[in-house]
Amino acid sequence: MNTCVVGLQWGDEGKGKIVDLLSENAELVVRYSGGANAGHSVVRSKEEKQFALHLLPSGILRPEVTCVITNGVVLDPEILLKEIDGLAERGIKIANNLKISGRAHLVMPYHKKQDQLSENALGKDKIGTTIRGIGPCYADKVTRSTAIRAADLLNLDNLQERLIKITGLKNKIFAAVYGDKEPLDVDILMDLCRQWAKRLTPHLTDTTALLHKAWHEGRSILFEGAQGSLLDLDHGTFPFVTSSNCSAVGLSAACGLPAKAIDTFMGVVKAYTSRVGAGPFPTEQDNETGRYIRDKGHEYGTTTGRPRRCGWFDTVSVGYTIQLGGIDKIAMLHLDTLSGLKELNICTGYRYQGKSLDFFPAEADVLDKVECVYETLPGFTEDISGITSYAALPNAARRYVERVEALLQTPIAIVGVGPSREETLFRN
Ligand code: IMP
């Protein structure tokens, strides 16, 4: 049984928690897109400090699971190795259980520099990226001649020759476009590459072949999406998106498996909406309600620490991403965060220039101007974080979940009432 877990909003839905739970029955857990811009928090129990993972698949906390980073990921070796060392300090050793595609592209220090230079130059029009070098690295992948892949670490002489050419070109671009006066130093970069090669080479594998073998042997594979479908490069709120196809549609190209290899697509949402970075957000509550949700839900970025923008649940945008990803089931997390709000609004439609829209607009400036149509339900005040069964939830909480489910016409199979594994309610 192969399952893909994907975010249906603008990221940070809690995919790490769902992947951690589902990985109990998985033999392989696969990270297939994005890079260290992702921040997947996993809380194993209430007593233990959370794990913040950026590149390692969330299944890494279970030693019996094989964790795979595929070709679609842009891999920052510096961050990956730091993450591996951080886990080792907490007693989690990583050896043969981590497989990395030689086809994965490497995020180099100059990609992060370029990300920062580009954002600075955009000024008030900036995208609000995570400055993790994601866009510049994917741009080099598309350019091809300036790209570096993990397998290039296997031939350091060749890599040095290429880096001399690449940095020469980047130096010219950085100086001419951004007025940057600090040229890149190939010797420093090569020192880093030598260290990375030593530590990463044992993990490099043809992950496409590995996944095909696992699929044909009937082993259970769990695919861990990064970011959220509304940040998808082609189908999200362009240009305020990330640089990969992070919705479910991106899975095949990003790991070399046909879509038919997936049995279930599980979409993850929060019981409300959050967004970090710039871009349209129709249900945003830039007011007391938004601040209440942010504080109660600890809505600050795992990767950048930035405060997240918060607002009501939006069935129009999530309806669109369900359709896009062929989503079979939903996990709705953070229901506990809504406790204490007198009324709960659900966005059921958009109006633009006085008319109802019956589709999710492709243009960011249209989405920015839509008016939301809301349905209001009574809120609940009880602390629901200790509740262990769906039936024990207050009536108003259940009514909210079931109304969202009816509007989305997709079963909500899991409800989260807190960050730890035990704070999860399964519905039939
Ligand atoms: P980038 O992926 O760093 O280029 O950032 C592009 C946009 O995607 C920005 O608005 C980021 O805040 C957003 N973004 C990237 N990764 C994540 C994530 O994991 N969670 C939420 N937002 C993200």
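The chain of this predicted model is divided into two domains, with domain 1 covering residues 3–96 + 206–426 and domain 2 covering residues 105–203. The C-alpha centres of domain 1 and domain 2 lie 29 Å apart, and where the two domains meet, the contact takes 31 residues from domain 1 and 20 residues from domain 2.

The size of an interface is often given as the accessible area lost when the parts come together. For domain 1 and domain 2 this buried area is about 2,100 Å², and carbon and sulfur atoms give 58% of that area. On the side of domain 1, the residues that lose the most area to domain 2 are Val74, Pro77 and Leu81, which together account for 25% of what that side buries.

The interface also holds charged and polar pairings. The rule finds three salt bridges across the interface of domain 1 and domain 2, and it finds ten residue pairs in polar contact there, counting pairs in which both residues have pLDDT 80 or more. Looking at the elements on the side of domain 1 that touches domain 2, the reader can find β6 (74–75) and α2 (77–89), each of which supplies at least two residues. Of the elements on that side, α2 gives the most, with seven residues. Sorted by class, the side of domain 1 that touches domain 2 has 15 nonpolar, twelve polar and four charged residues.

A salt bridge that can be located by residue number joins the side chains of arginine 199 and aspartate 85, with a distance of 2.8 Å from N to O.

How values were computed. Residues are numbered from 1 along each chain as its sequence is written. This is a predicted model: local features need pLDDT of at least 70, side-chain atom pairs count only at pLDDT 80 or more; totals for chains, interfaces and linings use all residues. Side-chain values use heavy atoms; hydrogens and water are left out. Domain bounds come from an automatic or database domain assignment. Contact means heavy atoms within 4.5 Å. Buried area is the accessible area (1.4 Å probe) that two parts lose on being put together, summed over both. A salt bridge is a side-chain nitrogen of Lys or Arg within 4 Å of a carboxyl oxygen of Asp or Glu. A polar contact is a pair of N or O atoms within 3.5 Å; within protein, one must be able to donate a hydrogen and the other to accept it, and residues adjacent in sequence count only if both atoms are side-chain atoms. Helices (H or I, at least four residues) and strands (E, at least two) are DSSP runs, numbered from the N terminus. Ala, Val, Leu, Ile, Met, Phe, Trp, Tyr, Cys and Pro count as nonpolar, Asp, Glu, Lys and Arg as charged, and the others, Gly among them, as polar.
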